[in-house]
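Hello,

Here is the structure I promised to pass on to you. Have a look at it first, and then read my notes below.

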Amino acid sequence: MDGQIVNNDVRIRSHVVETYRGHQQEVCGLKWSASGQQLASGGNDNVVHIWDRSMASSNSPTQWLHRLEEHTSAVKALAWCPFQSNLLATGGGGGDRTIKFWNTHTGACLNSVDTGSQVFSLLWSKNERELLSSHGFTQNQLTLWKYPSMVKMAELTGHISRVLYMAHSPDGCTVASAAGDETLRFWNVFGVPEVAKTAPKVNREPFSQLNRIR
C-alpha cells in the first residue's frame, strides 16, 4: 500500500538492488521488458510508470523515466511487444476500459482503443501481430485484436467471472486463462509458428529405411 517497488536479487546477501517510488496507491501491475532493462508498473492511482535500470539505485528511490497519466482507472494489464522493443500496451479498469499503446522511448501515447469493459490482462502473440485481452463485466471474455489496426478478430467466452490472468504455452500457440470463477481454461488462439508447421508427408515403401537384399 506504500506504492513502493523493490527489486531483490536473492543470490546475494544484500538482496535489495533497486527501489522505485512514484505510485501514490497500491501497485497492481509489473512487467519487465524482454531486455530486462526497463520495468513498467501500473497502479490503483491510474498511473503507469516506465523505469530504466540505468537510472536505478539501491540507496535512494529511483526517478522514473516516464510517468503516463492518461488512464482514468487502475492499470493492472501491461504487455511489452515482442516484435518492437519500445512498444508497451496497457489496459485500464472499469472506469477506463481502454487499451493504450506507448512509445517507451518518448513516452508518447500512440493509440487508445475503447474495449467496452475493464481490462485485466494483455498478451501479445509470439507468432503473429496480434494482441489478446481479457475482460470483466459484462461478458468476462477474451478478445483477439489485429495489430496495429485493432480490428476485433474474435471473442472467446466461457468464463462466468472476470478473467484475471493469462499465460502462454511454451510454443506460444495456446493460452491459459484464470478467472474469478475458479476455473482454468485453455484456448488454441494464436497461430502455429512457421518453423513448427509440418512438412508434407512423403509416402515411403515399408522398410524403405533398410538396405535391400539382392
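**Salt bridges, a sheet and some repeats**

R11 is exposed, with a relative accessible area of 73%. Please keep in mind that this is a predicted model. The side chain of R11 meets that of D9 in a salt bridge, with 2.9 Å from N to O. D9, for its part, is buried, at a relative accessible area of 18%.

R97 pairs with D114, their closest N and O atoms being 4.0 Å apart. Because R97 lies in the loop between β8 and β9 while D114 belongs to strand β10, this pair ties together parts that are 17 residues apart in sequence. R97 is partly exposed at 30%, whereas D114 counts as exposed at 51%. K152 and E155 also form a salt bridge, with 3.2 Å between the closest N and O atoms. Both are partly exposed: E155 has a relative accessible area of 34% and K152 one of 43%.

Next, the sheet. Four strands make an open sheet in the order β11-β12-β13-β14, with antiparallel pairing. Why is one side of β11 and of β14 left without a neighbour in the sheet? These strands stand at the edges, so each has a single partner strand. Inside the sheet, five bridges join β12 to β13, and S134 stands opposite L142 in β13.

In the model, residues 20-52 are 0% helix and 58% strand, and residues 156-189 are 0% helix and 53% strand.

Enjoy exploring!

Key
Residues are numbered from 1 along each chain as its sequence is written. This is a predicted model: local features need pLDDT of at least 70, side-chain atom pairs count only at pLDDT 80 or more; totals for chains, interfaces and linings use all residues. Side-chain values use heavy atoms; hydrogens and water are left out. Two strands pair if DSSP finds at least two bridges between them. Helices (H or I, at least four residues) and strands (E, at least two) are DSSP runs, numbered from the N terminus. Buried means under 20% relative accessible area, exposed over 50%, partly exposed in between (1.4 Å probe, protein chains only).
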